[in-house]
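Here are some notes to read beside the model. Please keep the sequence open while going through the points.

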Amino acid sequence: MRKALSILLTAAMATSMLAACGSSTPTATQAPAETKAAETQATTAAEAVAEVTEAAKDAAADGETITVGFAQVGHESDWRTASTNSVQSALSKENGIDLQFVDCDNDSAAQLEAVRNFIQQGVDYIVIDPIVSTGWDTVLTEADDAGIPVIVIDRTIDDSDKYVSWVGSEFTNEGLAAGAWLKAYVADKGISEVNALVISGTTGSSAQIGRSDGFDKYVEAEKWNKIDEQTGDFTQEGGQKVMESYLKSYNGQFNVVVCQNDNEAFGAIDAMKAAGVSYGVDGDVIVISFDACTAGLQKVLAGEINADFQCNPLQGPDCLNIIKKLEAGETVDQKTFMAEPWYVAEDKLTDITYTNNSGKEVTEPLVVVDQAVVDAAY
Ligand code: GZL
């Protein structure tokens, strides 16, 4: 089954690479084509990729499909929905893939069980978005022993390297960027004190760990007062519950709330609105969020969220490319970082400069949200 398809894919990949002369159709991890020539090449490459899809369709028609088991975190947020849609659209029957999808409902034990079931089924590949970053080496060893390559997307696995590739975000940089923006923003507004509350993501997820670590570097360096940090588990309900508790304990004592995803921000905003606390561009409380999903950017446009640090969920095409390369016997990159912009409600600041998690000083643009930005969001 896999051999026939890999011959087809190799031929089509060769066509695509000749036509594209090194530039391929932009994916979520690459800058969009910037020149006419590149667009032409991209078009040529797109034609070649279409041939792959056609070839894969034929192969699929002949029953030559690749089975992939995907253990997804759950369905907790708009971001997660976009992530699931991206993978399901790319790893599709049209592309020669038989996708076995399991929504693990934010339950780590269920996720390990789903991976073990994929191993027992003898799938060709396993894709995992790990709920938490530890507890993985035993089951990845079992997959390795069964000769099943594992691809990790989005969040990281930090206690095992038994997987062929990871595609995701630099979460610590997201937290650092939020800190760098807040430092510049309060300076520009003449705000002398930062009294911050944090509603963090699922405890032990690499997204929560990275965003907290990055932001905390600024709390320490700028001597900000971080009053409290509690998990909202990346859900709107969680964000609302934590903010309601914060309002009981700290009302009038804070001027910043950092929500580690948009859905928590929606819940926190509902709680502040109900309590008569003003927030956003014209309010008493600065609201920082992560993900930059469509609904989040709509709130940035409305001035309810001051800044939203994108986390890009569109790893589906990268997953398909990794599988195609492996089927063609090619090597794949161990790590691929997603491109992700930083969004703001006001045009006072145009960029931020900070030392990123690799120790490099970077200056990155701030994108002011308008309707076109919202319309183009994932
Ligand atoms: C981050 C991702 C997080 C999002 C949340 O890469 O895993 O999980 O920030 C999602 O919205 O629930």
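1. The protein chain contains 12 helices and 14 strands. Helices (H or I, at least four residues) and strands (E, at least two) are DSSP runs, numbered from the N terminus. This is a predicted model, in which local features need pLDDT of at least 70 and side-chain atom pairs count only at pLDDT 80 or more, while totals for chains, interfaces and linings use all residues. Residues are numbered from 1 along each chain as its sequence is written, and side-chain values use heavy atoms, with hydrogens and water left out.

2. Of the 378 residues in the protein chain, 52% are buried. Buried means under 20% relative accessible area, exposed over 50%, and partly exposed in between (1.4 Å probe, protein chains only). Among contacts between residues at least 6 apart in sequence, 73% join residues at least 24 apart; a contact means heavy atoms within 4.5 Å.

3. Helix H4 (residues 108-121) has 14 residues, and its first and last C-alpha atoms are 20 Å apart, close to the 20 Å expected at 1.5 Å a residue. The expected span of a helix is 1.5 Å times one less than its number of residues. At the start of H4, a side-chain oxygen of Asp107 comes to within 2.9 Å of the backbone nitrogen of Ala109. After H4 comes Gly122, with a positive phi near 75 degrees.

4. Which residues of H4 are buried? They are Gln111, Ala114, Val115, Phe118 and Ile119. These residues lie on the same side of H4, because they cover an arc of only 140 degrees around the axis. The arc is that of the directions from the helix axis to the C-beta atoms. The buried residues of H4 pack against strands E1 (66-72), E2 (97-103) and E3 (125-128) and against helix H5 (137-145). The face turned away from the buried side carries the exposed residues Ala109, Glu113 and Gln120.

5. The axes of H4 and H5 come within 10 Å and cross at roughly 10 degrees. H4 and H5 are therefore roughly parallel to each other. Leu112, Val115, Arg116 and Ile119 of H4 make the contact with Thr138, Val139, Glu142 and Ala143 of H5. Axes are lines fitted to C-alpha atoms, for helices over the stretch in contact, and angles run from 0 to 180 degrees between N-to-C directions. Angles under 35 degrees count as roughly parallel, over 145 as roughly antiparallel, 65 to 115 as roughly perpendicular and the rest as oblique.

6. In helix H8, the buried residues are Gly238, Gly239, Val242, Met243, Tyr246, Leu247 and Tyr250. Seen down the axis of H8, they fall within an arc of 165 degrees, so they line one face of the helix. Their packing partners are strands E6 (195-200), E7 (225-231) and E8 (256-259) and helix H9 (262-274). Glu237 and Lys248 are exposed on the other side of H8.

7. Arg211 is in helix H7. At 3% relative accessibility, Arg211 counts as buried. Arg211 and Glu174 are 37 residues apart in sequence, but their C-alpha atoms are 6.0 Å apart in space. Their side chains are joined by a polar contact of 2.7 Å. A polar contact is a pair of N or O atoms within 3.5 Å; within protein, one must be able to donate a hydrogen and the other to accept it, and residues adjacent in sequence count only if both atoms are side-chain atoms.
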